[in-house]
Amino acid sequence: VLRLLFRDPFRIARAESSESADTVLTRLAIDGVEGIGEAYPVPYYGETLETVVAVAPRLVAVLDDLGPLPRSQDEVLTWLARSTELMAEAIGNHGGAKAGIDIALHDIAGQALGLPLWRLIGTSDQVPPTDYSLGIDEPATVAERARRVADFPALKIKVGGTADLETLEAVRAVFDGPLRVDANTGWEPEAAAALIPELARLGVELVEQPFGARQLAELRWLRERSSLPIMADESAVFEADLPMLEGVVDGVVVKLAKCGGVGPALRMIRRARELGMKVMLGCMVESSVGIAAAAAVASEVDWLDLDGNLLLADDPFGGIELDGDHRWQLPAAPGLGVTRSGNV
């Protein structure tokens, strides 16, 4: 268990810690090859440190049915897909715990085959630039933080507080690029509809999860009245959630810590595409382990919100860096490609 301290307080509309977060580091070994993963628990999705610690051994135990790690790429991909199936059969939900195991398995497989993760799964190392996220705070405070990161191509502003419009006005005064807003279920329908024209005026390019996860009728209602794309995050946890969102929202936010890891995320992204949805790849406030794993599927999406490690005061891992355009440079080393720092 690692405690990750935030660089700045990071508050969202839901009542969650704004100073730090706890994440779970996972390590697995197969045939002498050690893999590393990250299981970030989010109480909103029914996970805590305690549930991850309790569930992880059960998930690992069912992997005995996988058999030995194959030595060809096609066979390894089939082996990894089977690991997802076995974990799903063992226990439902628990996407964070499953992600910790899945990421470690992908790390092991990449190392065994001598392939970086993105080559192993058949994606590209050409990824969109990431935005930078700013939590809820006093408008002047948010604007000052926006000024400090104004070199990013887009900013994601957490809303759902008492001064959303004032905050966005203050940010717009110091930043001239696209804005993305995320209400984390914190708005009411009539108020949201009234805000949309103001958001459009301020150059907001999308609205993320304005209402509660199961308020599908309200999401559809707002989409019909909105000039901006409406994205589902808390409503879109697993691939199985996608059919009910077709025609309800314009797109979905995929996160490894929600859906269960690299393999499930890639399948969820491609299924969303088949349903005509736009896709944003997001993250929690994770270390570079979780971010590097997500970056391996980033070439498949429209928008990238992959900045969790950038929000940390001291990331315990390295090995993945931004280029001058704020695009993640994917590691060339086999597997996940992250490096450890300190005493981790």
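Reader: How many cavities of 30 Å³ or more are there here?

Author: The count is two. On a 1 Å grid over the protein atoms alone, a cavity is a set of points where a 1.4 Å probe fits but cannot get out. A volume is the space filled by probe spheres set on the points, which are joined across faces, edges and corners. This is a predicted model, where local features need pLDDT of at least 70 and side-chain atom pairs count only at pLDDT 80 or more, while totals for chains, interfaces and linings use all residues. Residues are numbered from 1 along each chain as its sequence is written, and side-chain values use heavy atoms, leaving out hydrogens and water.

Reader: What lines the largest cavity?

Author: Lining residues have an atom within 4 Å of a point. The largest cavity holds about 100 Å³ of space, and its lining includes Asp8, Tyr132, Arg145, Arg148 and Leu311. Strand S4 (132-134) and helix H5 (139-148) each give two or more residues to this lining; strands (E, at least two residues) and helices (H or I, at least four) are DSSP runs, numbered from the N terminus.

Reader: Where is aspartate 8, and which side chain does it meet in a polar contact of 2.5 Å?

Author: Aspartate 8 sits in the loop between strand S1 (2-5) and strand S2 (20-30). Its side chain makes that polar contact, of 2.5 Å, with the side chain of arginine 148. Such a contact is a pair of N or O atoms within 3.5 Å; within protein, one must be able to donate a hydrogen and the other to accept it, and residues adjacent in sequence count only if both atoms are side-chain atoms.

Conventions: On a 1 Å grid over the protein atoms alone, a cavity is a set of points where a 1.4 Å probe fits but cannot get out, and a pocket is an open set with protein on both sides within 12 Å along at least five of seven lines; lining residues have an atom within 4 Å of a point.
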